[in-house]
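Dear colleague,

I am passing on the structure below, and would be glad if you could look through it alongside the notes that follow.

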Amino acid sequence: MKDFIIPDRDFGTPAAKSKVMVTLTVDGFDVTVPEGTSIMRAAAEAGISVPKLCATDSIDAFGSCRLCLVEIEGRAGTPASCTTPVAAGMKVRTQTARLKTLRRGVMELYISDHPLDCLTCSANGDCELQDMAGAVGLRDVRYEAVDTHFRAKDNSGQANPQWMPKDDSNPYFTYDPAKCIVCSRCVRACEEVQGTFALTIQGRGWDSRVSFGAKTDTALTSDCVSCGACVQACPTATLQEKSIIDIGTPERSVITTCAYCGVGCSFKAELRGDELVRMTPYKHGKANRGHSCVKGRFAYGYASHKDRILNPLIRESINDPWREVSWDEALGFAAGRMKGIQEKYGRHSVGVITSSRCTNEEAYLVQKLARAVFRNNNTDTCARVCHSPTGYGLGQTFGTSAGTQDFDSVEQTDVVIVIGANPTDGHPVFASRLKKRLRKGAKLIVIDPRRIDLVKSPHIKAAHHLPLRPGTNVAVVTAMAHVIVTEGLFDEDFIRTRCDWDEFTDYAEFVAAPNHSPEATELLTGVPAKDLREAARLYARGGNGAIYYGLGVTEHSQGSTTVIAIANLAMLTGNIGRPGVGVNPLRGQNNVQGSCDMGSFPHELPGYRHVSNDAVRDIFESLWGVRIDNEPGLRIPNMLDAAVEGTFKGLYCQGEDILQSDPDTRHVAAGLAAMDCVIVHDLFLNETANYAHVFLPGSTFLEKDGTFTNAERRINRVRKVMAPRNGYADWEVTQLLANAMGAGWTYTHPGQIMDEIALTTPSFAGVSYEKLETMGSVQWPCNEKAPEGTPLMHVDGFVRGRGKFIRTEYVATDEKTGPRFPLLLTTGRILSQYNVGAQTRRTANVVWHPEDLLEVHPHDAEVRGIADGQWVRLASRSGETTLRARITDRVSPGVVYTTFHHPETQANVVTTDYSDWATNCPEYKVTAVQVAPSNGPSEWQVDYAEQAERSRRILPAAE
Amino acid sequence: MMPGIADSAEQIGEILRAHDGLEGPLIPVLHAVQAAFGYIPGDALPLIAQHLNVSRAEVHGVISFYHDFREEPAGRHILKLCRAEACQAMGADRVAAHARDALGIGWHQTTPDGSVTLEPVFCLGLCACAPAALVDGRVLGRVDEARLDALIAEVRP
């Protein structure tokens, strides 16, 4: 498709990376480009667009359309400018009489088999074929179309066997073969950009057609993951968003940031008036480089879903129906209750939960509400349940609580370890970039109990898959360190110059002990010692080694220990501080990095500075004019425990559904039910709202200004593309609540909040909206030392000074299998759904994943008499639920797996309240369970559904 | 007798393993599968894709590119008539029309009794003896209507 903003020109072929520059002339203009650049791109750099159809700069040149022909002085013929590289002194002509005739001839042939229905075509105004017909001056077509691909019936009224009907099986786009010019851009985009290989050209010559999957497949049944790369690449209406077909072409676009996962893709929100027509990946987005996934590209329909609540609701008790009220009444009610609670139960009886889905500015305001208005440190965030061990582990070893690289770094890596992460589902755009690198020869080591797609999928195969038993991460990573130390594969130079040598010798002595050898831990971990040894050698000696990890590392009782073990591994091998290496947590939510940075934790002020630090408190105390507690406040689990005990009575929860996402659902429910004032600030009446007294409607990422910080510490702008349908942006709602409690805040734009953050927080000192406007995005730390931000961390030395090796003793979790609960349950995500599903369940993404399924190994299924698709009861020591089984050998015997996207399943009824020793991050990834055939929902599910329905009643607004 | 799905999966597995380690194995594998089954069964496609670590779409793209890979069983005999220039000059179109009439089928079709599949082919390298034909892999020259009738009678008792 054509880009709507002119500065986003298509250069035709990808940029060349060579440092050697070459000068040539194009139509008499000198142009200097890197060696390896195509003539087409060089001409584009000089401002000259050579006509083209099969070329676009997201994919390699192909040379099939023959429209981009040029003449080169001293060379015979008319070579294609897309496939011909530049040479020094070359003299190129792009517009000669001969070329004009040739191009018109080519266009005539194209048009002879294309319907001339431009005025009613969905791509009218957004079609490169149309543009090229104009560009070459096509005025006449001499060929009369007898045999065509686009007429359903031939001239005699018979059905035309060459005609194929439109495939509209995908919920978001259509494939109309009648409009296809077989340029192969879609096929190449699927292969080169996305790496799924779901498309092909079937047949040959006149019979060549684009085909999704094999002969009998449709777009939906094929391997297609609906990333939109093919739609983005298609020059005509062949692959077209259904929203464009319904609405028409957009008239303006706004660059913003996706609000799904931690990759933080930049998008153009394309609009007509204030109607969002489509989201297209922004080519200059530094996290995604023009790529997208099904969620960001298409799953935005929740923003206008009928379930969205647009007016504030209140109720006396959670057994009453909701009453729709004005903002004033709701805020007055909430403020009155919170003040009343504090008067009765004391200053520390209320708290807040900041949202990893909201902006930095909003998270900052919510923690400020706790610290400056509630006057306590009772603030926590959903990172508690995901990456808090990352903060602790990397903070201890390296000195910062964040990943070390930018995503571009993956292009220079040689060996990748993916541990406890499933990037093709959880971080799809990063996965595509990783797969691209793997296809170019980088080696992959996967450490995961489950055979994730990266282990083996078309043209990708992991060199080693270490299928460990859930809960044994520390033993496996420490055994890898054992191999590296005992076989002398460590990087002594790096360790001597960058780390503390005494700490290293202590650590080396620890890991070298025979009980840490792969042979000794094999029985425990289930990982064959030979594989583990080979994997460790590969990582240590394979060139640039990078580690990417996810919640499979952190959500364990030893989550922090595993993070430390990973950091040790990187320091041992010197894989820190340059492109292509590093330790990279794949953050789950769009702004979980940012919400942590903004001081959401009860023990830390913005910038990860402890509340006991007087100098830091001074900064905020003098600015805010209040005294700040020097003792850490309550974490989420502590808040819930205190609520059950009766000492914690009020909670303001912004954009998080703790009832569904936090472990041990019954305990969460009991805690919430014991509170006197639960304020839920969200888009929908989520599961937590069943226990709320005040519901404040939230705004979507499309309706507000702000910033998100992604997994690579990149601060990206979120821009308001339409007015908030609920009336206020979320930061305004928090300010209204604070002011109802007497705060007197006067922010009129999030930019002012960012200025306050920059003023108080050294790692953000150089960040401002003006800088983000000019640079597009910036990676923190951004301050006087690094005014342009910091793509790579720890380049010349660790932030903490010297890298710190810490012993990592494996301690088995208390959650153990036994005769009653012989299987281990581990949980994860799927591509089409996102976390608790509040958003994606309200989009057409449900066609791919309408319910949570339990993956069971055929062996375990057989001994229990479980058939594929059958209802099963999943029970643990905490609780039970029912869901359908899927029999698959993706999981090992003894391990079962499910997702947690659907509240009907409530996988977290089953998970336990064990948690990480350092940070309380729940142990979602290991639960001892039993599975048995079942014939329907459990008692809990029935009760829960009734309670949820009862608590969602809304009385009609008073007349 | 058609082999069962499980049998054919095993047989395809054997073919795939026999080609392990070969560079560019897809086309040799497809030839071997077609040699074993007479065509490439639809069920074979995911097995081949899985084993060679390519996508179903890619295997489909290759199968459909080559006319000689067939996705359905052919008749007991395969009659290919050359449609290239030299043969056309010597009356191949007339012979082809006669063949279609006599067999009552079109190009790429098989007679209802399963005896003959009729296919076009572009140049058998037998231009000196045009029009040329290929019957079950045997090359024949100077095929006129009468010769064709005799051929058909021979394969269709």
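His794(A) counts as buried because 22 C-beta neighbours lie inside 10 Å, where buried means 20 or more other C-beta atoms within 10 Å of a residue's own, exposed means 12 or fewer, partly exposed is in between, and C-beta atoms are placed from the backbone. Please bear in mind that this is a predicted model, in which local features need pLDDT of at least 70 and side-chain atom pairs count only at pLDDT 80 or more, while totals for chains, interfaces and linings use all residues. Residues are numbered from 1 along each chain as its sequence is written, and chains are lettered from A and ligands numbered from 1 in the order in which they are written.

Although not a glycine, His794(A) has a positive phi of about 60 degrees, and its place is in the loop between S30 and S31 of chain A (strands are DSSP runs of E, at least two residues, and helices are runs of H or I, at least four, numbered from the N terminus).

In chain B, the peptide bond from Ala130(B) to Pro131(B) is cis, with omega near -5 degrees, and Asn53(B), a residue other than glycine, has a positive phi near 55 degrees. Asn53(B) is exposed, with 12 other C-beta atoms within 10 Å, and sits in the loop between helix H3 (44-52) and helix H4 (56-65) of chain B.
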